[in-house]
Amino acid sequence: MNVVSRGIKNAFRSPLRSGAIILMLAISIGLILSMLVARTSVNAKIDEVKATAGTSITITPAGVFGFAGGGDPLTSDQLATIKPTAHITSTSATLNDQLSTTDTNLVSSLDLGSFGARQQRFENGSSNSSQSDRLATRPAPTPRTTVTGTTNPNSVSTNGGDLNITSGSTIDGNSSSLVALVGSDLATKNNLTVGSTFTAYGSTVTVSGIFNTANKFQDSGVIMPLTTVQNLTSQAGAVNSVTATVDSSDNVDSTVAALTTALGSKADITSQAKQAANSVASLESISNLALAGVIGATIAGAVIVLLAMIMIVRERRREIGVIKAIGGTNGKVIGQFVTEAMTLTVIGAIVGLTLGVLVSGPMTTSLVSSSQNSTSTTSRPQGGPAEIFRGGVQSVRTNITQVSSSITPTIFATSIGITLLIAAVGSAVPAWFIARIRPAEVLRAE
Amino acid sequence: MLAVKDLSKSFSSASGDVKALDQVNLVVETGQFASIIGKSGSGKSTLLSLLGALDIPTSGSIEVDGVDIAKLSAGQQTAYRANKIGFVFQHYNLIPNLTALENVMLALEFGGLPAKKRKARAEQLLTDVGLDADQQLRKPARLSGGQQQRVSIARALANHPAIVLADEPTGNLDSETGKKIFDLLHRLSRSEKTTIIAVTHDMDIAGKTDKTFKLKDGKVTA
């Protein structure tokens, strides 16, 4: 029997006490692993959120909001300025227009209602007429059909994902073909199917596909390639909305600043940087909480081993004196007690790591869910340029709940490293006590 | 030969320095069985701890076969305790979670005996002191006081020490068992030619040793 085997044997000298120490250590080490997993998963999610959510910047002509306001559309020169701006990874441009009954043979699937009627109350009226005259002479207003010319048909999607094509196929947003995607409500209203045609601005347009977004406004519209709409409306190079995607939400503010400088007062720039920052902030608070948990559990584990070993050394003071009296060196006695502490810690680590593997997943999910509940964000219904905030909030929420807890070799190695640190700290002070015990004490105690 | 010259040991206390030993001189020849008697607090245990290099004297010298152990470094003192000294304690002081055999093997490990030879040597020693094979595999709690003291003696003799220091070896035993232990020590001192110095209150035992030193107030008076 050598120092190591004596140390291991001593670890089981008092099964009840050893069991209690191991249990406390296991809880502590299990917590360390769970917190490391949570922190790593959350940090990975933070990077993902930064790369995917709140990274879009919407640039519209100054003074224009949907079909309201006034001003000139953005030009192709301005678009050329936007594209090479630092951190912008992609852009999609949109030109919106409305088809009246004189522009198309389509019948709008929207009811005009009091809202629509109020929006059209100034049209066809005489400025010199009295209010009663205008109401009496103006023809009855009719609802219009919105046309979206875009380089990216998916930008019309309201959930941040790809556009849901229920039949047919999507269109190439960069072409100039006379093709269109028709909203499901409009298609039903006009008995349109894939391959059907309709007229717009005096041209015949073929239906390539039918889409459904579960948004009545969008599903009552038509999507065509950007160039097609520019050609049909005689607005070559004009766009009234550009959505730029930035590589990380960290760079949204700086990109907005760069665009503001480049475009001056001719464009209004809207971003989701604040929303993304809020979402990331809640995840970052979880990450910090997890780090505090790791540190706290490490300190708790070290203190458990430290106090247990101090108690054991004090209890065996006489025995240590005997070992020294019969020729045992400080090194051998300390080695025996360090082995004992290591044995308790390693067993605690095995149990704790097993516990950690079992609970880290639910714990991470629980932490993220509770955070999500406490940072509720509301999305308000959007009309007109709904794509400005399309699915942004929803996208962030989805990302948060998808935090996956995974235990990597790095996390395992870190946990084992921390465990060894606990054993080292827990053994250091008792070792100092052991070195101070003089062998003569064994005779004084006689 | 053990020669103690002008050995003094003082301790600091709240009321000032206390002289536990004061200019002690004694000589014990190799193979002799010597006893130290004295009342409680006379300095017996202090003398024993200094002879066993468990403590450092304030002044004076302790020469064992010509080497002054008071001048040895801490490491050398540990080696001296492992190889030259055997201790027998009143309360046996066996390691409770080791068997009798393992307790003796522990001393052999500290004495530097190769691991392969330890078991045979320990079994031989325990057989010599009268423990059978079954008793050798028992832990101290399952041995009687006399059996534990036999294990303690086997452990003390494990590394062929020059001196065995016994602190009231029969003090915790009934008279009959005490006599047997004394006889065992006496027999071993003869057969192994080991110097034995025993602290005792028992005048009968002291009367049977080769030499007796009486301590009073830290001084050898006879």
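I count two residues as in contact when heavy atoms lie within 4.5 Å. The model I am reading is predicted.

**Entry 1: chain B as a whole**

I started with contacts in chain B that have a separation of 6 or more. Residues 24 or more positions apart account for 73% of them. Next I looked up the helices and strands. Chain B has eight helices and 10 strands.

How many residues of chain B count as buried? I found 56% of the 222 residues. Then I checked the surface. Chain B exposes about 9500 Å². Carbon and sulfur atoms supply 50% of that area.

**Entry 2: the sheet in chain B**

I traced an open sheet of six strands in chain B. Their order is β6-β7-β8-β3-β9-β10, and the pairing is mixed. Which strands stand at the edges? I found β6 (85-88) and β10 (219-220) of chain B there. Each has a single partner strand, so one side of each is left without a neighbour in the sheet.

A reminder to myself: strands of a sheet pair through backbone hydrogen bonds, either parallel or antiparallel. I then picked one pair to follow. Strand β3 (residues 33-38) and strand β9 (residues 211-216) of chain B run parallel. Five bridges join them. I also looked for what stands opposite B:I36, and found B:F213 in β9(B).

**Entry 3: a helix across the sheet**

I looked next at helix α1 (residues 44-51) of chain B. This helix lies across β3, β6, β7, β8 and β9 of chain B. I noted β7 at 163-167 and β8 at 195-199. The helix runs at about 155° to β7(B).

**Entry 4: where chain A meets chain B**

I moved to helix α1 of chain A, residues 3-11. I compared its axis with that of helix α3 (residues 100-110) of chain B. The two axes come within 12 Å and cross at roughly 145°. The crossing is left-handed.

Which residues meet here? From α1(A) I listed A:V3, A:R6 and A:K9. From α3(B) I listed B:E102, B:L106, B:E109 and B:F110. I sorted the residues of this contact by type: three are nonpolar, none polar and four charged.

**Entry 5: A:N10**

Is A:N10 buried or exposed? Its relative accessible area is 4%. Buried means under 20%, so A:N10 is buried.

I then listed its contacts, leaving aside neighbours within four places in sequence. A:N10 is in contact with A:R316, A:Q336 and A:E340, and also with B:N97 of chain B.

Terms used
Residues numbered from 1 in each chain as written. Chains lettered and ligands numbered in written order. Predicted model: local features only at pLDDT ≥ 70, side-chain atom pairs only at ≥ 80, totals over all residues. Heavy atoms only, no water. Helix = DSSP H or I, 4+ residues; strand = E, 2+ residues; numbered from the N terminus. Buried < 20%, exposed > 50% of the residue type's maximum accessible area, 1.4 Å probe, protein only. Axes fitted to C-alpha atoms, helices over the stretch in contact; angles between N-to-C directions. Left-handed = near helix turned anticlockwise from the far one by under 90°. Nonpolar A, V, L, I, M, F, W, Y, C, P; charged D, E, K, R; others polar. Areas by Shrake-Rupley, 256 points an atom, 1.4 Å probe, with all protein chains shown as cover. Pairing = 2+ DSSP bridges.
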